[in-house]
Amino acid sequence: MIIVFKPHATEANVNEVSSLIRKLGYEPRIIKGIENTVIGAVGDEILHQSLERLKNYEFIQNVLPIQKSYKLASREYHQENTAVKIGRELIGAGHVQVIAGPCAVESYEQMKQVTKDLVATGVKIIRGGAFKPRTSPYAFQGLGEKGLEILQAMKDEFGVGVVTEVVGVTHIDRIAETADCLQIGARNCQNYHLLEMVSKAEKPVLLKRGMSTNVSEWLAAAEYLLVNGCPDVILCERGIRTFETATRNTLDIGAVAVAKQESHFPVVVDPSHAAGKVSLVLPLAKAALAAGADGLLVESHPEPVNACSDAAQQIKSDEFYMFMDELKDYIKIAKKEKENK
Ligand code: PEP
Ligand code: MN
């Protein structure tokens with residue numbers, strides 16, 4: 001921790017704080033500036049008691065942490081880009097994936113059609129919620145177990161990888177039997193008990209950024225997965241809540257660049273939940289790849305008008321080839337840039 005004294009602090013104040021922090025197990029290093037005196041408290045901030053209460057002294061200006069709330073997720077810990085395997089496919093470290101599928105699994109016929117259309121465009125990993133986190137309890141909640149059976153059928157028939165969301169601890173084991181990657185949705189980004197339990201499933205986890213979670217909180221949430229035994233994390237930016245209403249959520253492209261700099265894990269972008277309407281999905285997808293994303297998570301449905309959820313933002317699956325075609329060069333560049341790093 002760094003303790004910054006106010007300009008009027010006396011030598012006695014500095015000595016008092018020095019001996020207090022020494023008692024708490026830190027080694028104080030005093031730096032005397034022209035205006036302010038600073039103490040660097042050297043010691044493991046995670047193992048030792050927090051010094052934040054020093055903020056209450058009237059002669060102290062600020063107390064700042066030196067250590068980040070994430071270590072294993074950080075680039076300082078692991079400099080090379082990490083690739084994560086979803087089923088048979090790699091993502092990250094030069095491997096770019098477009099993961100696509102409907103918001104929710106609605107029927108066998110719907111999934112078969114969408115998977116067939118998407119596989120024809122080169123998609124190798126499909127998404128689809130069997131358990132849906134809906135704002136209203138009266139809205140479609142997903143097919144649950146039946147949805148997982150349908151996702152299993154898609155794996156068996158098309159050989160695709162499957163990403164699907166976990167909304168509660170009671171379903172983790174069953175979902176892990178079918179899914180190749182477990183999705184933690186925006187609403188659960190900081191549900192630490194769920195993160196801990198999902199880490200034990202021995203599956204990669206796609207961690208969406210919460211709608212009001214800052215980047216360091218998002219990376220600290222990833223750290224929960226890592227310290228609890230899940231080494232394979234994929235970060236997903238899906239837009240945040242701001243004052244802007246022109247898009248459903250504000251896609252934070254800056255956060256993609258920051259997450260790529262701060263962490264070695266793959267970062268994907270979900271342009272669908274950020275856009276909220278289909279005409280904005282492509283430009284946001286391009287921006288994501290241009291900013292360094294390792295892939296996309298995109299919603300697509302055979303008949304969006306009849307979708308049980310998120311009807312406005314899903315790309316019609318028989319038109320998905322056009323979306324992929326528009327992205328071709330961006331994907332190529334994304335792969336090349338990573339090879340050069
Ligand atoms: C989803 O991907 O289906 C979803 C519910 O998204 P989010 O958690 O980003 O709202
Ligand atoms: Mn959705």
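**Exercise 1.** Work out whether Lys316, with a relative accessible area of 30%, is buried, partly exposed or exposed, and find its salt-bridge partner.

*Solution.* Keep in mind that this is a predicted model.
- Step 1: buried needs under 20% and exposed over 50%, so Lys316 at 30% is partly exposed.
- Step 2: its partner is Asp318, with the closest N and O atoms 3.1 Å apart.
- Step 3: Asp318 has 42% relative accessibility, so it too counts as partly exposed.

**Exercise 2.** Find which residues donate to the manganese ion (ligand 2), and explain what Cys103 and Asp310 tie together.

*Solution.* 
- Step 1: along the sequence, their spacing reads C-x169-H-x25-E-x10-D.
- Step 2: Cys103 sits in the loop between β7 and α2, and Asp310 in the loop between β14 and β15, so the pair ties together parts 207 residues apart in sequence.
- Step 3: both Cys103 and Asp310 are buried.

**Exercise 3.** Check the length of α2 against its 13 residues, then work out how its buried residues are arranged.

*Solution.* 
- Step 1: at 1.5 Å a residue, α2 should span 18 Å, which agrees with the 18 Å between its end C-alpha atoms.
- Step 2: the buried residues of α2 are Gln110, Met111, Val114, Thr115, Asp117 and Leu118.
- Step 3: viewed down the axis of α2, they fall within an arc of 165°, so they line one face of the helix.
- Step 4: Glu109 and Ala120, on the other side of α2, are exposed.

Technical notes: Residues are numbered from 1 along each chain as its sequence is written. Chains are lettered from A and ligands numbered from 1 in the order in which they are written. This is a predicted model: local features need pLDDT of at least 70, side-chain atom pairs count only at pLDDT 80 or more; totals for chains, interfaces and linings use all residues. Side-chain values use heavy atoms; hydrogens and water are left out. Donors are N, O and S atoms within 2.8 Å of the metal (3.2 Å for Na, K and Ca); water is not among the atoms, so sites may look incomplete. Helices (H or I, at least four residues) and strands (E, at least two) are DSSP runs, numbered from the N terminus. Buried means under 20% relative accessible area, exposed over 50%, partly exposed in between (1.4 Å probe, protein chains only). The expected span of a helix is 1.5 Å times one less than its number of residues. The arc is that of the directions from the helix axis to the C-beta atoms. A salt bridge is a side-chain nitrogen of Lys or Arg within 4 Å of a carboxyl oxygen of Asp or Glu.
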